[in-house]
Amino acid sequence: MVAMVWVALALASVVLAEVTRDFYHVAGHTWEPIKQWHNTHHKAFRKDLTMVSFDAFSKSQWYNDVPEALVMATVVAIAATGAGIGFGWAITWTLWTGVMYSLAFAVTAIARSQNRMMWTDLTHEPGPLTDNPSNWFVNRTYHWRHHFDSGNAYYCGTLTAVDKILGTALSLQGKTVAVTGASGTLGRALLKALKAAGARPIALTTSPNADFGPRVPVHQWRPGQERELQKKLANVDILIINHGINEAGARSPEAIAKAYEVNTMSAWRLMETFLDTITLSKHRALKEVWINTSEAEVQPAFSPLYEISKRAIGDIITLRRLDAPCVIRKLVLGPFKSNLNPIGVMDANFVARGIVELAKRDFRDIIVTINPLTYVTFPLKEASKSLYFRLFSKAARSPRGSKASNPIGLK
Ligand SMILES: [Zn+2]
Ligand SMILES: [Zn+2]
């Protein structure tokens, strides 16, 4: 038990070092005296993360990586000394773990400046991006976005916690975001919230003559015509699949067919069409799908057809997320006031702003509801289903997993 406490303290000192690294990085973008130093880091890499020149790289090690490691070591050393004065020197020696950890980064940075131990720089390994941006630990794709998507986001170096707290774990600035179901209450609220976050929204709607104000391009489409949108989706960074129907109380064969066609099949086909536009290395870092599967995945919506068709698309997403070529987020939303649901409790603008704020914190399942049970039942359901699907299904042979088999006859 006592040993556990010491291990926890040692780990805490490492976390403190990492948090210091991230705030030093934020300062490198915002505090004049060290901006020039940090800039040497940004100048050292090309878009495929190869070095601009070895001299530029070597300089960046001396001006950015070495001082960063020394600042980390200093902050942890001060904390360790303070804790020692308060609680005894045994604690100081344990917290010294974080100091040694930080100094190791100074040593490897100096080695790299001499063209040695180059393998120690994991987040700048050259070559195409092969993974999706990771969620809790920084990988190459995550960090690539700091260099080439937005320098005002993705500050974290190892753990992503500081970006999550600051709301800089996803930048929407300048991103083209297409929203289906755009003429609905939530669709309109989303367009507004996205614009406020600096994105360039595009409205995808089935309503003729819908108007979304100046500077919001509108594309008409119909369920069944997903493939015709492919060219347009090629230039879209984030696709938000938000359309759906809810014929409360219906159970005729026609109503079943329609609910599955709109809520399940068309949403799925649209997602696959979008995933097929992921053809370049940078798409892995920049493209995303957000899909409104609704709280009906785990709660009654008092509309059986709505529930079962939404649960079907929810399960398909859980299955596809296992090897999709980009980040796919689920939007799990409680009842909000709309034309379809006049007694909804939440305001659609509040829900839309919540979605954007949680996305900027890189929540992969974005839950916005007043039902406290959903915050417990949804993650449990999602984790257990995802595990079950992982155990009893295999990835398609094609790396993207969509073109290899074409079960829905995509054209
Ligand atoms: Zn970098
Ligand atoms: Zn930077």
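Predicted model: local features only at pLDDT ≥ 70, side-chain atom pairs only at ≥ 80, totals over all residues.

**A tour from the sheet outwards**

Now widen the selection to the whole sheet, where 7 strands lie in the order β3-β2-β1-β4-β5-β6-β7, forming an open sheet with parallel pairing. Which strands stand at the edges? They are β3 (218–220) and β7 (365–368), and because each has a single partner strand, one side of each is left without a neighbour in the sheet. If you look along the sheet, the twist from one strand to the next averages 20°.

Next, colour the chain by its two domains, taking 2–166 as domain 1 and 176–391 as domain 2. Their centres, taken over C-alpha atoms, are 36 Å apart. Where the domains meet, 11 residues of domain 1 are in contact with 10 residues of domain 2. On the domain 1 side of this contact, helix α5 (residues 140–148) gives the most, with 3 residues, and that side as a whole has 4 nonpolar, 4 polar and 3 charged residues.

Within domain 1 (2–166), select helix α3, residues 54–87, together with helix α4, residues 89–113, which pack with their axes 8 Å apart and at an angle of about 175°. Because angles over 145 degrees count as roughly antiparallel, α3 is described as roughly antiparallel to α4. Their contact has 22 nonpolar residues, alongside 8 polar and 2 charged ones.

Select M117 in the loop between α4 and α5, where phi is near 50°, a positive value in a residue other than glycine. Is M117 buried, exposed or partly exposed? M117 counts as partly exposed, because 13 C-beta neighbours lie inside 10 Å.

Finally, move to F302, which is found in the loop between β5 (288–292) and α11 (304–320). The phi of F302 is near 55°, again a positive value in a residue other than glycine. F302 is exposed, since 11 other C-beta atoms lie within 10 Å and the cut-off for exposed is 12 or fewer.

Definitions and conventions: Residues numbered from 1 in each chain as written. Chains lettered and ligands numbered in written order. Domains from an automatic or database assignment. Contact = placed C-beta atoms within 7 Å. Helix = DSSP H or I, 4+ residues; strand = E, 2+ residues; numbered from the N terminus. Nonpolar A, V, L, I, M, F, W, Y, C, P; charged D, E, K, R; others polar. Axes fitted to C-alpha atoms, helices over the stretch in contact; angles between N-to-C directions. Parallel < 35°, antiparallel > 145°, perpendicular 65-115°, else oblique. Pairing = 2+ DSSP bridges. Buried ≥ 20, exposed ≤ 12 C-beta atoms within 10 Å, placed from the backbone.
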